[in-house]
Amino acid sequence: MSNNQNQVLIRLFNQGLGKQFNTRLIDQGSEPLYLPADEQCPFHRIFFAHGFFSSALHELAHWTLAGPTRRLRLDYGYWYHPDGRDAQQQAEFERVEVKPQAIEWALHLAAGRRFNVSVDNLGGIEVDRRAFQLRVQTQARRYLVQGFPPRAGVLIEDVRRHYRTPPLSTQRFEF
């Protein structure tokens with residue numbers, strides 16, 4: 001993905017929902033990170049990794065799920081164990097990643113991009129990627145029926161309108 005596309009997404013978010021919620025999407029850093037506003041910076045910051053468009057969409061998905069209290073905490077106060085997770089740690093990772101990855105998939109479709117689930121466990125136990133894909137797919141389709149979380153729905157529509165992609169449908173959520 002070109003740096004120009006990153007800038008388009010940054011501008012789209014920062015001038016829309018980001019402005020409304022005093023939050024900026026920033027293409028800077030080697031690791032994704034969410035920093036709440038503090039004495040040194042008057043706005044919340046969503047950093048995405050290595051200039052990857054998919055990383056930006058993933059971090060935005062997490063932001064759309066985080067409630068007001070979580071948005072005041074470093075990385076929303078979420079647990080994270082890096083690569084090399086054991087079976088129990090991987091199961092917990094997948095449990096908490098189903099919803100953000102379902103939203104991320106919708107954002108990818110809205111931007112006209114291909115989505116790949118991330119099991120994010122290089123060097124750890126062998127992971128049943130297909131089973132995780134199916135759980136993410138089920139959640140994405142559930143969101144289509146029941147509605148996406150409010151900020152996610154607004155962001156998906158903002159992205160979809162910008163990229164002029166068709167409305168989301170269950171048929172579009174296929175691997």
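This is a predicted model: local features need pLDDT of at least 70, side-chain atom pairs count only at pLDDT 80 or more; totals for chains, interfaces and linings use all residues.
1. **Helices α4 and α5: geometry.** Helix α4 spans residues 87-110, and helix α5 spans residues 129-146. Their axes come within 8 Å. The crossing angle is roughly 55°. The crossing of α4 past α5 is right-handed.

2. **Helices α4 and α5: residues.** On the α4 side, the contact uses Glu94, Glu97, Val98, Lys99, Gln101, Ala102, Ile103 and Trp105. On the α5 side, the partners are Phe132, Arg135, Val136, Gln137, Gln139, Ala140 and Tyr143. By type, the residues of this contact are eight nonpolar, three polar and four charged. Please keep Trp105 of α4 in view; the ring pairs below return to Trp105.

3. **Helices α3 and α6.** Helix α3 covers residues 53-65, and helix α6 covers residues 150-163. Here too the axes come within 8 Å. They cross at roughly 145°. From α3, the contact takes in Phe53, Leu60, Trp63, Thr64 and Leu65. From α6, Arg151, Ala152, Leu155 and Tyr163 take part. The residues of this contact divide into seven nonpolar, one polar and one charged.

4. **Aromatic pairs: Trp105 with Phe173.** The structure contains eight aromatic pairs. One of them joins Trp105 and Phe173, edge-to-face. The ring centres are 5.0 Å apart, with 75° between the planes. Trp105 lies in helix α4, while Phe173 lies in the segment after α6. They are 68 residues apart, and the pair links distant parts of the chain. Trp105 has 3% relative accessibility and therefore counts as buried. Phe173 also counts as buried, because its relative accessibility is 0%.

5. **Aromatic pairs: Trp105 with Phe175.** Trp105 also pairs with Phe175. This pair is tilted: 4.4 Å centre to centre, 40° between the planes. Phe175, like Phe173, sits in the segment after α6. Trp105 and Phe175 are 70 residues apart, and this pair too links distant parts of the chain.

6. **The ring cluster.** Ring pairs join Trp105, Phe115, Phe173 and Phe175 into a cluster. Trp105 meets helix α5 as part of the α4 contact. Trp105 also belongs to the ring cluster, with partners that include Phe173 and Phe175.

Terms used
Residues are numbered from 1 along each chain as its sequence is written. Side-chain values use heavy atoms; hydrogens and water are left out. Axes are lines fitted to C-alpha atoms, for helices over the stretch in contact, and angles run from 0 to 180 degrees between N-to-C directions. Helices (H or I, at least four residues) and strands (E, at least two) are DSSP runs, numbered from the N terminus. A crossing is left-handed if the near helix is turned anticlockwise from the far one by less than a right angle, and right-handed if clockwise. Contact means heavy atoms within 4.5 Å. Ala, Val, Leu, Ile, Met, Phe, Trp, Tyr, Cys and Pro count as nonpolar, Asp, Glu, Lys and Arg as charged, and the others, Gly among them, as polar. Rings of Phe, Tyr and Trp (its six-membered ring) pair if their centres lie within 6.5 Å; planes under 30 degrees apart count as stacked, over 60 as edge-to-face and the rest as tilted. Buried means under 20% relative accessible area, exposed over 50%, partly exposed in between (1.4 Å probe, protein chains only).
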